Amino acid sequence: MSDSLWDGRTFRLLNIIDDYNREVLVMEADTSLPTLRVIRRLEQLKEYRGLPEMIRVDNGPEFISHKLDMWCKENKIMLVFIQPGKPMQNGFVERCNGSIRSELLNAWVFKSLKEVNHRAEIWRLDYNHHRPHKSLNYQTPEEVKLNQPLINE
């Protein structure tokens with residue numbers, strides 16, 4: 001996603017969302033979010049959460065990079081691209097991004113990236129801990145995560 005600060009400078013927002021339990025794992029804003037930054041965030045997720053078998057992305061420049069493709073292959077992750085012009089192939093993420101747009105980006109006038117990241121973290125925590133989803137049997141993402149059985153390694 002992208003938006004502008006009060007002074008007109010543009011920024012990008014990287015959102016990483018778990019399709020299974022609807023949890024927003026990462027929201028990170030900066031003036032640029034190149035592939036290596038995306039990989040760094042995925043590496044951080046790997047440390048405390050593990051990695052998925054598949055990642056679905058749009059065709060943004062940070063995702064079509066050879067570096068991300070190689071990282072996914074090294075980590076045995078299938079990288080799946082939605083077809084251009086078909087956002088409903090990633091429908092839940094698009095719905096979540098719509099909520100982020102209306103409830104966060106359009107609701108606040110941000111003066112700094114620090115402020116964007118601070119407000120984004122507040123929004124993310126509220127979303128994960130206090131918003132039940134019909135598709136999750138009216139549980140929050142956090143409740144689903146806490147109730148899922150542990151996987152034996």
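I will take the helix pairs, then the rings, then the loops.

This is a predicted model, in which local features need pLDDT of at least 70, side-chain atom pairs count only at pLDDT 80 or more, and totals for chains, interfaces and linings use all residues. Residues are numbered from 1 along each chain as its sequence is written, and side-chain values use heavy atoms, with hydrogens and water left out. Helices (H or I, at least four residues) and strands (E, at least two) are DSSP runs, numbered from the N terminus.

Helix packing, then. Two packed helices are described by the angle between their axes and the distance between the axes. Axes here are lines fitted to C-alpha atoms, for helices over the stretch in contact, and angles run from 0 to 180 degrees between N-to-C directions.

Take α1 and α2. Their axes are 9 Å apart and the packing angle is about 25°. That makes α1 roughly parallel to α2; the term covers angles under 35 degrees, with over 145 roughly antiparallel, 65 to 115 roughly perpendicular and the rest oblique. The crossing of α1 and α2 is right-handed, meaning that the near helix is turned clockwise from the far one by less than a right angle. On the α1 side the contact uses T35, L36, I39, L42 and E43, and on the α2 side K67, L68 and W71. Contact means heavy atoms within 4.5 Å. By class, five residues of this contact are nonpolar, one is polar and two are charged. Ala, Val, Leu, Ile, Met, Phe, Trp, Tyr, Cys and Pro count as nonpolar, Asp, Glu, Lys and Arg as charged, and the others, Gly among them, as polar.

Now α3, residues 91-105, and α4, residues 113-130: their axes come within 11 Å and cross at roughly 125°. So α3 is oblique to α4. This crossing, too, is right-handed. From α3, the contact has F92, C96, S99, I100, E103 and L104; from α4, it has R119, A120, W123 and Y127. Seven of the residues in the contact of α3 with α4 are nonpolar, one is polar and two are charged.

Next, the rings. How many aromatic pairs does the structure hold? There are two. Rings of Phe, Tyr and Trp (its six-membered ring) pair if their centres lie within 6.5 Å; planes under 30 degrees apart count as stacked, over 60 as edge-to-face and the rest as tilted.

F11 and F110 are edge-to-face, 6.5 Å centre to centre with 85° between the planes. F11 lies in strand β2 and F110 in the loop between α3 and α4, so the pair ties together parts that are 99 residues apart in sequence. F11 is buried at 1% relative accessibility, and F110 is buried at 2%. Buried means under 20% relative accessible area, exposed over 50%, partly exposed in between (1.4 Å probe, protein chains only).

The W123 and Y127 pair is stacked, because the ring centres are 4.9 Å apart and the planes are at 15°. W123 and Y127 are four residues apart in helix α4, about one helical turn. Both W123 and Y127 are buried.

Last, the loops. Most residues other than glycine have a negative phi. K76 has a positive phi, near 55°. K76 sits in the loop between α2 and β5 and is exposed at 72%. Y138 also has a positive phi, near 60°. Y138 is in the loop between α4 and α5 and is exposed at 56%.
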